[in-house]
Amino acid sequence: LPVPPMSIRFDQGAGTLSPEGPTLTRRMSDLEGLFRDSEAWAAAVADGDPIVYSVVSSPVPEIDRELPQSITTIQPGTTAGELWMTKGHQHPNHQGEIYLCISGHGGLLMFDGTETRWVDMTPGTIGYMPPGWAHRSINVGDEPYSFLAVYPGGAGHDYGWVLEHGMGQRVLAGADGLDFVNYVEG
Ligand code: 6PG
Ligand code: NI
């Protein structure tokens, strides 16, 4: 159903949008097959299955020609050294998207099937995902990382593409900074 012109407020402390649409909570168990160390992943699932990230949405529907938004908050953490991240997806019909960093420190990993790109995200940074680039967000700091996403309502989410093709690189917490490692060789 279409919605009227409106203003939408984000409450940073509560992590809520008002008015709000659907909210999604992704726990460690929802990230099966994505971390390099599957035993460490299974141990984290067994040990409390922590919330890795949540996505609150505005009431704008995900239908063609609408322009929905959501705010994702990724908790800080690592699994066998690999920084906590979103599942990552490709938009099936290759539509572009923007992210605006609201708080914390993150990164935007993009992969077009051949090349990998990294955009450092600090408050005020707008990250642009051109059509055809799969995208994953990663918390590289020690506090929650939040960003606003704005995307075409008909974009859709293809998670199978990332399971099949990977993201080109993985991002690990190194002794002095980030370690980027090849996705396939780990
Ligand atoms: C989108 C955005 C964004 C994304 C979340 C969670 O297309 O809707 O890229 O809202 O869905 O950050 O990431 P995953 O969808 O990869 O779990
Ligand atoms: Ni997207």
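I will start with the model as a whole and then move to the details.

This is a predicted model, where local features need pLDDT of at least 70, side-chain atom pairs count only at pLDDT 80 or more, and totals for chains, interfaces and linings use all residues. Residues are numbered from 1 along each chain as its sequence is written, while chains are lettered from A and ligands numbered from 1 in the order in which they are written.

On confidence, the protein averages a pLDDT of 96, and 99% of the residues score at least 70; pLDDT is the predictor's confidence in each residue, from 0 to 100. The ipTM is 0.99 and the pTM 0.97.

The protein has two helices and 15 strands, taken as DSSP runs (H or I, at least four residues, for helices; E, at least two, for strands) numbered from the N terminus. Its radius of gyration is 16 Å, close to the 16 Å that the globule rule gives for 186 residues, so the protein is as compact as a globular protein of that length. That radius is taken over C-alpha atoms, and the rule is 2.2 Å times the number of residues to the power 0.38. Buried residues make up 30% of the 186; buried means that 20 or more other C-beta atoms, placed from the backbone, lie within 10 Å of the residue's own.

E9 pairs on the one hand with E10, residues 116-121, antiparallel and through six bridges; pairing requires at least two DSSP bridges between the strands. Glycine 106 has methionine 121 as its bridge partner in E10. The two strands form a hairpin with four residues between them, and glycine 113 in the turn has a positive phi of about 100 degrees.

E9 also runs antiparallel to E12, residues 134-139, again with six bridges. There, phenylalanine 111 is partnered by alanine 134.

E12 brings us to the ligand: E12 and strand E5 (69-74) each supply at least two residues of the shell around ligand 1. That shell has 14 residues, the closest being Ser70, Thr72, Thr86, Lys87 and Ala149; a residue counts if its C-beta atom, placed from the backbone, lies within 6 Å of the ligand.

How values were computed:
A residue is buried if 20 or more other C-beta atoms lie within 10 Å of its own, exposed if 12 or fewer, and partly exposed in between; C-beta atoms are placed from the backbone.
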